[in-house]
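Visitor: Hi! Could you walk me through this structure in simple words?

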Amino acid sequence: MLIAGFPAGAWGTNCYLVAPAAGEECVIIDPGHQAAQGVEETLKKHRLKPVAVVLTHGHIDHVASVVPVCGAHDVPAWIHPSDRYMMSDPEKALGRSIGMPLMGELTVGEPDDVRELTDGAALELAGLELTVSHAPGHTKGSVTFGMPEAADIPPVFFSGDLLFAGSIGRTDLPGGDMAEMLDSLARVCLPLDDSTVVLSGHGPQTTIGRERATNPYLRDVAGGRPTGSASAAPRRGM
């Protein structure tokens, strides 16, 4: 298994390229702000051929390079229907202007081929199986992608902006909801095995076991205790 990731753009959003091995087809996860060059360099380095872009949610820091990446390789983009509008109207998704200088660098809109994700779907792409879990809280259409254990790696969980190392996603933007966030953490994250590697939308990788033991939000959810506002957690991204 090959998983190559890099932080991109003004928000340091993690973009991942996933393939069975070097020299094979791959899936691109969350090509965000200024990610297109990094995608091309990673494809060349590992001799990969993309077959799809899949998106954990619609915030501009995760989707800003979808149009150029999909257009360059003639591949579809997958997104949850509740977040699809964000590709064409990123400022509405944030409840404020993200700034004209930054907007001038972006290609706002949808790629030619957009497909919609559903909860529980098993996507078979590039010889991989990605299990989709709808996980609202950060946005209404946030999803995660799970990959089963393979011969050379433990289970992998692409958490988007649901779960970070030591924190969780913010809930103070349009579509954010703390109650939904806590439900998603309990329903999607807690059942995962402790060995599961968490690759999040921002920051370093972690494991479910580490977060179960140290993340204050996940600990409170596991213990059934009330949890404070996500705005008190360290912020990453939007």
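Guide: Happy to; what follows is a short tour, from the whole chain down to single residues.

Visitor: Is this from an experiment or predicted?

Guide: This is a predicted model, in which local features need pLDDT of at least 70, side-chain atom pairs count only at pLDDT 80 or more, and totals for chains, interfaces and linings use all residues. Residues are numbered from 1 along each chain as its sequence is written, and side-chain values use heavy atoms, with hydrogens and water left out.

Visitor: What is the mean pLDDT of the chain?

Guide: The mean is 91, and 89% of the residues reach 70 or more. pLDDT is the predictor's confidence in each residue, from 0 to 100.

Visitor: Where does pLDDT stay under 50?

Guide: Over residues 229-233, for which the model has 13 contacts beyond four places in sequence. A contact means heavy atoms within 4.5 Å. Where pLDDT is low, the predicted coordinates should not be read in detail.

Visitor: Okay. How many helices and strands are there?

Guide: The chain has 8 helices and 14 strands. Helices (H or I, at least four residues) and strands (E, at least two) are DSSP runs, numbered from the N terminus.

Visitor: And how much of the chain is buried?

Guide: Of its 238 residues, 54% count as buried. Buried means under 20% relative accessible area, exposed over 50%, and partly exposed in between (1.4 Å probe, protein chains only).

Visitor: What about contacts along the sequence?

Guide: Taking contacts between residues at least 6 apart in sequence, 63% join residues at least 24 apart.

Visitor: Let's look at the strands. What order do they take in the open sheet?

Guide: The open sheet of 6 strands has the order S1-S2-S3-S4-S5-S6, with mixed pairing. Its edge strands are S1 (2-8) and S6 (114-116), each pairing on one side only. On average, neighbouring strands of this sheet are turned by 25 degrees against each other, direction ignored. Two strands pair if DSSP finds at least two bridges between them.

Visitor: Which residues of H3 are buried?

Guide: In H3 (residues 66-73), they are Val 66, Val 69 and Cys 70. These residues cover an arc of only 95 degrees around the axis, which puts them on the same side of H3. The arc is that of the directions from the helix axis to the C-beta atoms.

Visitor: Nice. What covers that buried side, and what is on the face turned away?

Guide: The cover includes strand S3 (25-29), helix H1 (36-46), strand S4 (49-54), helix H2 (60-63) and strand S5 (77-79). The face turned away carries the exposed residues Gly 71 and Ala 72.

Visitor: What comes after H3?

Guide: Asp 74 follows H3, in the loop between H3 and S5. Asp 74 has a positive phi of about 55 degrees although it is not a glycine. Asp 74 is exposed, with a relative accessible area of 72%.

Visitor: What about Gln 34?

Guide: Gln 34 lies in the loop between S3 and H1, and its phi is also positive, near 60 degrees.

Visitor: New topic: is Pro 90 buried or exposed?

Guide: Pro 90 is buried, with a relative accessible area of 3%. Pro 90 is found in helix H4 (residues 90-94). Asp 61 is 29 residues away from Pro 90 in sequence, and their C-alpha atoms are 9.5 Å apart.

Visitor: Last one: what does S8 pair with?

Guide: S8 (residues 128-134) pairs with S7 (residues 122-125) in the antiparallel sense over 4 bridges, and Ala 122 stands opposite Thr 131. S8 is also joined by 4 bridges to S9 (residues 143-147), again antiparallel, where Phe 145 is the bridge partner of Val 132. The covered face of S8 holds Leu 128, Leu 130, Val 132 and His 134, while Glu 129, Thr 131 and Ser 133 are on the uncovered one.

Methods. Axes are lines fitted to C-alpha atoms, for helices over the stretch in contact, and angles run from 0 to 180 degrees between N-to-C directions.
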